[in-house]
Amino acid sequence: METSLNVDEIDSIKAHGLKDLASAGSDKELDDWRVKFLGRKGLLTIALRSLVSLEPSERQKIGSLANKTKEDLLNEFQSRKSQITAVQSSDIDSSHFDVTLPGTKLSLGKLHPTTQIIREICSIFEGMGFSVVEGPEIEWDEYNFQKLNIPKNHPARDMWNTFWVAEEDSSGNQMLLRTHTSPMQARIMETNAPPVRVIVPGKCYRYEATDATHESQFYQIEGLAVDKNITFANLKGTLYQFARQLFGENRRVRFRCDYFPFVEPGVDMSIDCFACQGKAVGCRICASTGWVEIMGAGMVHPAVLESAGYDPSVYTGFAFGLGPERIGMLKYGIEDIRMFYENDCRFLEMF
Ligand code: PHE
């Protein structure tokens, strides 16, 4: 027996449909809902089909209600669907955020290789009780030369090609760009009573053509130790210890006579080549000599002590000077000193 379609039945399909729709939360559930209510065999479709069995007057009334209901449910379905899509796409943003991915790298600057080398060298000497001090890059002839036992017109001045900053003034003083850090020996002794143990890093300038091993602007690190009873053995022991810390425990050192007007005796210090271990065969670092020179040094000349106000019959000391770029070149196998100051990031980022 056919049940005749009525208003209540359509209202109840609608109420039922709206309730189910509100709880549909995924594409699958939405699709099931659409099949159940609006599909070919859906509840409302079946209801509409049974309209034919109604009286014409009823049919019109119930029919328009059923069509209106179908339209309403369809509208609700569409808006529920777009609601769910919106939620899903906002879910995609957060669910696709991979917290395990490495972060975007910030490009931070870093210390220049020269700075790194200077700090490393200074900290080795600091470990041996030296203090770090700095001095002026624009110097007087007096400090750069005269107080270092290099009088005016002395031929030893040829060892330092000098950038003069100004003409000699009326009292015979002349300014220059310091050619080495040694003027700080005089400045420190003038302003400090012995004992003295200092290390002086700083920029120096020389008026000369640049090549793979020479720059007109470069760094030096000066060392000075003055006290009673300081001997050449202290110089050797200190510098040997330094070489082993910087270049490795097994380093051997060699001292040979050299001339600097402000030391007596003066030496140059070499270490056995760390690249070929002193074997000296086909080695570019030591030019197959087995040795690489790393600094000049010596016992502070009595005339230098005296001109700074120290009594050379009571005090003795040693001094040394080294070029951190050259040490860096040896340590890292850098073939051209000019690379340090070309500001090529590919080079700078290697350190
Ligand atoms: N100042 C010297 C130079 O520039 C190096 C040096 C320093 C040598 C101290 C001996 C002692 O060549």
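This is a predicted model: local features need pLDDT of at least 70, side-chain atom pairs count only at pLDDT 80 or more; totals for chains, interfaces and linings use all residues.
**Largest pocket**
- There are 48 lining residues, and E293, I294, M295, G323 and R326 are the closest to the pocket's centre.
- Strand 5 (217–227), strand 6, strand 7 (263–272), strand 8, strand 9 and helix 10 (324–332) each give two or more residues to this lining.
- Strand 8 gives the most, with eight residues.

**Second largest pocket**
- This one holds about 170 Å³ of space.
- Its lining includes T115, I118, R119 and C122, along with E134, R178, K203 and Y219.
- Helix 5 (113–126) and strand 4 (196–205) each supply at least two lining residues, and helix 5 has the largest share, with four.
- By class, you get four nonpolar, three polar and five charged residues here.

- Seven strands make an open sheet in the order 1-4-5-9-8-7-6, with mixed pairing.
- Strand 1 (131–132) and strand 6 (253–258) sit at the edges with a single partner strand each, so one side of each has no neighbour in the sheet.
- Strand 8 (residues 291–300) and strand 9 (residues 316–322) run antiparallel and are joined by five bridges.
- G298 stands opposite A319 in strand 9.

**Domains**
- The domain assignment gives domain 1 (7–89) and domain 2 (113–348).
- The centres of domain 1 and domain 2, taken over C-alpha atoms, are 94 Å apart.

Notes
Residues are numbered from 1 along each chain as its sequence is written. Side-chain values use heavy atoms; hydrogens and water are left out. Domain bounds come from an automatic or database domain assignment. Two strands pair if DSSP finds at least two bridges between them. On a 1 Å grid over the protein atoms alone, a cavity is a set of points where a 1.4 Å probe fits but cannot get out, and a pocket is an open set with protein on both sides within 12 Å along at least five of seven lines; lining residues have an atom within 4 Å of a point. Grid points are joined across faces, edges and corners, and a volume is the space filled by probe spheres set on the points. Ala, Val, Leu, Ile, Met, Phe, Trp, Tyr, Cys and Pro count as nonpolar, Asp, Glu, Lys and Arg as charged, and the others, Gly among them, as polar.
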